[in-house]
Amino acid sequence: MVNDADADGDGVADVADICPYDKEVDSFSFKKSQLIDLKTLNTPSKIQWRVRSNGYDVDLQQLMYDKDSKKDSPIALLGETRFQDMQFQGTFFVSESGLYSTISNGAIGIIFGYQKRYKENSNSEYLLKFYLATWRHNYYTFNNCKLTRNDCNFGATTGLQIKSVIIDSQKSGNNKRQEALWWSASETNAKSGVVTNLIYQDPKHEAWSLNSAYRWRLQHNPSSSRIRMSIHTAEGAGVRTVVDTGDLYDSFSSGGRIGLYSQDQWNVTFANIAARCLEPADHAVLFSNQQFLNLGNLAGFRISRSFVISVWFRIENAPTVSSPLICKNKQSSNQTLCLSVSNELDLVGEYAGNTLQLPTKVQLEEWTHVILKYDMQYKNLVLLSNSAGTYERVQTNTTDELLLDVAPLQEEQLYLAWDGAHYFPGLVMDEVKILNRLIPQDSYMYSLLLKPSLGRENKMRMVGIHLNFNNKDISDVQGNVDMATLNTEPTLQPTFINSAVHSHIYRMSDKGELDTPTTTSSSNEEEELRSDQQHDEL
């Protein structure tokens, strides 16, 4: 009997689908791929990579020699498929036969979570953002002092390393990119245009050997910020584990493209390459009938003045009446605070008698991101959403300071899928975030709100609440909210379902859809955000 189950409805049976949880992905190979020189950010012309076996084997025979640094450029071969939670594996082998008979001192490895994001109001300036896992045969430094620090100590040590990388196409010069990727330590100077952060270094510093086959396996779960990589090789009649990183946790990337990498190393064969999606740890909550969630009172979020409220949601049918996403009880509240969807599929934001409505309708069966933010200093209320494909905004200037620090208001409750009169059956929600201070610059606000984890921001006490439902547990929450106030009413628990919201986020990011042509900014950005902003904005 043929198993023709198709969980994601993409027309490919689950047994033949490498991503049965994602309708956008059903196969992967390097048959369709992109070659990029990470030094020049161009497509290299003089290089010998050979893709064979329908994209499951790749031979790197010769790299592009750079006469200034006397090193070959860092080259990446990127597949076209974009992954969220995934496993990437294959075998690599460095041979002394072929064009060159001597071993180089370079690095080989893989790239994952690769994204390319265009800057605001620009079709040419962009950021590259990815993880890089590299492995070397020898410790080696750059041998040209003019390109490096005064002591020429841009060292590249042996042993598996994993680092995060951000490259600014405008700020970073060619040599800076090449050096930062070569260097084993982190590069933290954002002004250089390249920022790297070393996440893992093999404590044994074991090098790879010539003419030996090594099998790698990488697991990346952006939905839970988990990374794990292991490398194995044959030894005698058995298999030896060369390195196993164990579970690493880093929320730098929400997923993206994967690829192969080499810097100053040739005669490399990557074989038996395979990738598949892992069952996501990413879940969302589905409300039905008269289900809703009480988030507790406003005092718990500490949103007394400026605030940002961010919600991802999806609906299959238009509501019959105006239905709440996140609201106070309109029947008893002295000041309205509500995000809702009208029966005409309009997105509406309300606060203290002010109402905003976006011109673009909500798209059915698509994930929509909606943001309501209030700037107390400039008395400015803004509603934003990506329902038009890119973010659009409407705003109004209020006549009075709208404060939420009055004691009776602080005791009022905030709800998901209920406003005191109406429920929202059929509503799917994920990534509910409330920030208790203003983020003036839209581009930084997007990058902050789209991060899988707000651990650093939570330590700064700027997170009122963050609900992602990944553990299928409503009480699993980040933020300053009093968990004792977090409860469901009625007692019937909402249903948890698989969520593709992070998959949607990184596809938007890679297409440059996270930028908006219309932004606002304040000249008084809070100083404590700047150190955190350097890594996100470079």
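1. The model is a predicted one, in which local features need pLDDT of at least 70 and side-chain atom pairs count only at pLDDT 80 or more, while totals for chains, interfaces and linings use all residues. Residues are numbered from 1 along each chain as its sequence is written, and side-chain values use heavy atoms, with hydrogens and water left out.

2. The structure holds 11 salt bridges, a salt bridge being a side-chain nitrogen of Lys or Arg within 4 Å of a carboxyl oxygen of Asp or Glu. One of them joins D59 to R52, where the closest N and O atoms are 2.7 Å apart. D59 is buried at 7% relative accessibility, whereas R52 is partly exposed, with a relative accessible area of 28%; here buried means under 20% relative accessible area, exposed means over 50%, and partly exposed lies in between (1.4 Å probe, protein chains only).

3. The pair in the previous point also belongs to a network of salt bridges, in which R50, R52, D57 and D59 are linked.

4. D346 and K361 form another salt bridge, with 2.7 Å between the closest N and O atoms. This pair links distant parts of the chain, 15 residues apart, since D346 sits in the loop between β24 (337-341) and β25 (347-351) while K361 sits in the loop between β26 and β27. Helices (H or I, at least four residues) and strands (E, at least two) are DSSP runs, numbered from the N terminus. D346 is buried, with a relative accessible area of 8%, and K361 is partly exposed at 36% relative accessibility.

5. A salt bridge also connects the side chains of R240 and E235, at 2.9 Å from N to O. R240 is partly exposed, with a relative accessible area of 24%, and E235 is likewise partly exposed, at 48% relative accessibility.

6. Two backbone angles deserve a careful look. Most residues other than glycine have a negative phi. N289, however, has a phi near 50°, a positive value in a residue other than glycine; N289 is placed in the loop between β20 (283-286) and β21 (292-297), and is exposed, with a relative accessible area of 56%.

7. E365 also has a positive phi, near 65°, and is a residue other than glycine.
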